[in-house]
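Here are my notes after a pass through this model, as numbered points. Have a look at the structure first, then see whether you read it the way I do.

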Amino acid sequence: MIQATIIRDALDRHKTLRWVVYSLIIGVVSGLGACAFFFLLEWGKYFCLEYLAGYSVAKPAGEQLVHLEPAATFRRWALLLLPTVGGLLSGWIVYTWAPEAEGHGTDALIDAFHNKQGIVRTRVPYIKSVASIITLATGGSAGREGPIAQIGAGFGSWVARTLNMTVRERRLMLLAGCAAGLGAIFRAPLGGALTAIEVLYREDFETEGIVLCIMSSVVANALFTSIFGHQPIFETPQITFVQPVELLFYAALGLVCVPFGCAYVKIFYGMRDYFFRRLPLKKAHITALGGLMVGLLGLWHPEVLCGGYGIIQKALLGQMPITFMLVLAILKIFATSFTISSGGSGGVFGPSLFIGAMLGGVVGQISHQYYPELVTNPGAFALVGMGAFFAGVAKAPIGALLMVCEMTGGYALVPPLMFSSVIAVLLSGGWGLYEKQVLNKFHSPAHRADAVINVLQTLKVNDIYRRQAPVTSLPEDMTFANFKRLLVRTRESFFPVVDDSFRLKGILSLPDLRSIFFEDSLAELLVVGELASPPVSVDIEDSLYDALIKFLKSGYGRIPIEDPQTGVVGVLRLEELMEAYHKEIQRLKED
């Protein structure tokens, strides 16, 4: 602990170096965590689904880690058993050691930032890792972003606590860990960084963390890709956007994403609140029931199991029929709800990409059938659908856009991606996938102090200074006897003491004179300059926040106002400051 304090003190003297070092630490730790998570997950999926069940899991082009063949015999009944057992095991692990690791994880990260001072218990990354690997490897319909975000955030919180950082710095390190995990496992360093600062709010960004998030995300991504390769997760054909009229079809895709996104959110939380939480069962048994329900869907369509990235790959290449994609989009909504709403551990980003890709594929292929001369590449709509659907349900259009571009290499489709995403976001304002999101910084407990300070910093002493109000200043050579005679003619109890140039030399306050006030023998011997307390003043151009700090430190209810040219020109009263603050708050509310 002493060594950590010494290191932190040394870094505090060099702000830029400090953030570079912190970024490297977070990037390396989270990057290694993402590498271990990905490696264990891929081998876990092979062992459970391919070796035990004999089911050949479709894989995207950029994630061909395990090259072994699946078992020769396809045991369909295992697809029912595996998610059930996985739900039971992951539920038992989570609810025994870290209940906050349940669910999709991103909400827990958001809650830790806003409400828990950036604190994530040290055990959470490990419990979340094990539980999520079990859930996903056994066929649970979930994604990797929630687990890896909470895992990276947990590492960031641990590093911050180890180095005895402030609450503000701990929150930023939490975001840096999240960004590093996302940037690594999705091979999307910029998208991961922006998603981490965007997902906290529905209409804002945590811009203060952008530099730290980008640096840690880049470091983690570099570490991850040096081990698993630099190829994007998905392979896409050469796609270009050249016909402006195509925007009409992309607008239709954005419109289609809205009702499906609403259904996704309503079913997801409806299953949790009105079904799973009302069951008279132990929580681990409820996750097993959720796994069983997923297994029943898997018996019918195994494609809805796991994250489904291999199925997304086929949709991007235009290799899937329309009806099949529509059925998979609907079933994925229910499979994800069964898995995560029951308490299973996994993310919602992967399923959102899956649903969006299926909807985009449907819209693209239908548009191509009727207007082949206008819509030449229906697979492009699957790519755009991925970003638009997640942007609508998560209220994170910029991060979603960049994540999809980096995961697919589809940078040529940025214009339609932006267009469809904005439509989906604008029409889906009343609901969202992340419950812990707040509207903006003013609604976050993490920024309550900033809100007060910012209001006072926008106002200056000069804004509320009453120039016509009389000021009773005392010359520093006035005798105490003359001062007592002055008191008969004034109601003031607070007096600035000035020199011949009206420069403040001290403050005379009646409560401070009680011990000598009736010592008549001293009245002609003492002058007010000797009795005055040290000077405290505010400049006419000071902010009201600076003035408030001086009020609090001095304990006075009034403070002299000094002008650099003319000296003491007035007195600022604490009640005037508070009245100005109240009026400004009311004005902001009305605006």
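A residue is called buried here when its relative accessible area is under 20%, exposed when it is over 50%, and partly exposed in between. Keep in mind throughout that this is a predicted model.

1. Overall shape. The protein chain carries 23 helices and six strands. Its radius of gyration is 32 Å, well over the 25 Å that the globule rule gives for 591 residues, so the chain is more spread out than a compact globule. The C-alpha trace spans about 110 × 55 × 50 Å along its principal axes.

2. Burial and surface. Of the 591 residues, 57% count as buried. The accessible surface of the chain comes to about 25,400 Å², and carbon and sulfur atoms account for 62% of that. As for contacts, if you take those between residues at least 6 apart in sequence, 77% of them join residues at least 24 apart.

3. Salt bridges. Searching the whole structure turns up 13 salt bridges. One of them pairs Arg-272 with Asp-273, with the closest N and O atoms 2.8 Å apart. Asp-273 also forms a salt bridge with Arg-277, where the closest N and O atoms are 3.7 Å apart.

4. Lys-550 forms a salt bridge with Asp-542, the closest N and O atoms being 3.7 Å apart. Here Asp-542 is buried, at 18% relative accessibility, whereas Lys-550 is partly exposed, at 29%. Back at the trio from the previous point, which residues do shared partners join into one network? They are Arg-272, Asp-273, Arg-277 and Glu-435.

5. Helix α3. I checked the length of this helix, which runs over residues 78-97. At 1.5 Å a residue its 20 residues should span 28 Å, and the end C-alpha atoms are 28 Å apart, so the two agree. Its buried residues include Leu-79, Leu-82, Pro-83, Gly-86, Gly-87, Ser-90, Ile-93 and Val-94. When you look at that list, remember that an α-helix has 3.6 residues a turn, so residues three or four places apart point the same way.

6. Glu-235. Where does Glu-235 sit? It is in the loop between α9 (210-228) and α10 (246-274). Glu-235 is partly exposed, with a relative accessible area of 45%. Leaving aside residues up to four places away in sequence, Glu-235 touches Ala-61, Gln-313, Leu-316 and Leu-317. By contrast, the C-alpha atom of Tyr-556, 321 residues apart from Glu-235 along the chain, is separated from that of Glu-235 by 69 Å.

7. Positive phi values. Arg-187 has a phi near 55°, positive although the residue is not glycine. Arg-187 lies in the loop between α7 (167-185) and α8 (189-198), and is buried at 7% relative accessibility. Lys-395 has a positive phi of about 60° and is not a glycine either. The place of Lys-395 is the loop between α15 (379-394) and α16 (397-408). Is Lys-395 buried or exposed? At 5% relative accessibility, Lys-395 counts as buried.

Methods. Residues numbered from 1 in each chain as written. Predicted model: local features only at pLDDT ≥ 70, side-chain atom pairs only at ≥ 80, totals over all residues. Heavy atoms only, no water. Salt bridge = Lys/Arg side-chain N within 4 Å of Asp/Glu carboxyl O. Buried < 20%, exposed > 50% of the residue type's maximum accessible area, 1.4 Å probe, protein only. Helix = DSSP H or I, 4+ residues; strand = E, 2+ residues; numbered from the N terminus. Expected span 1.5 Å × (residues − 1). Contact = heavy atoms within 4.5 Å. Rg over C-alpha atoms; globule rule 2.2 N^0.38 Å. Areas by Shrake-Rupley, 256 points an atom, 1.4 Å probe, with all protein chains shown as cover.
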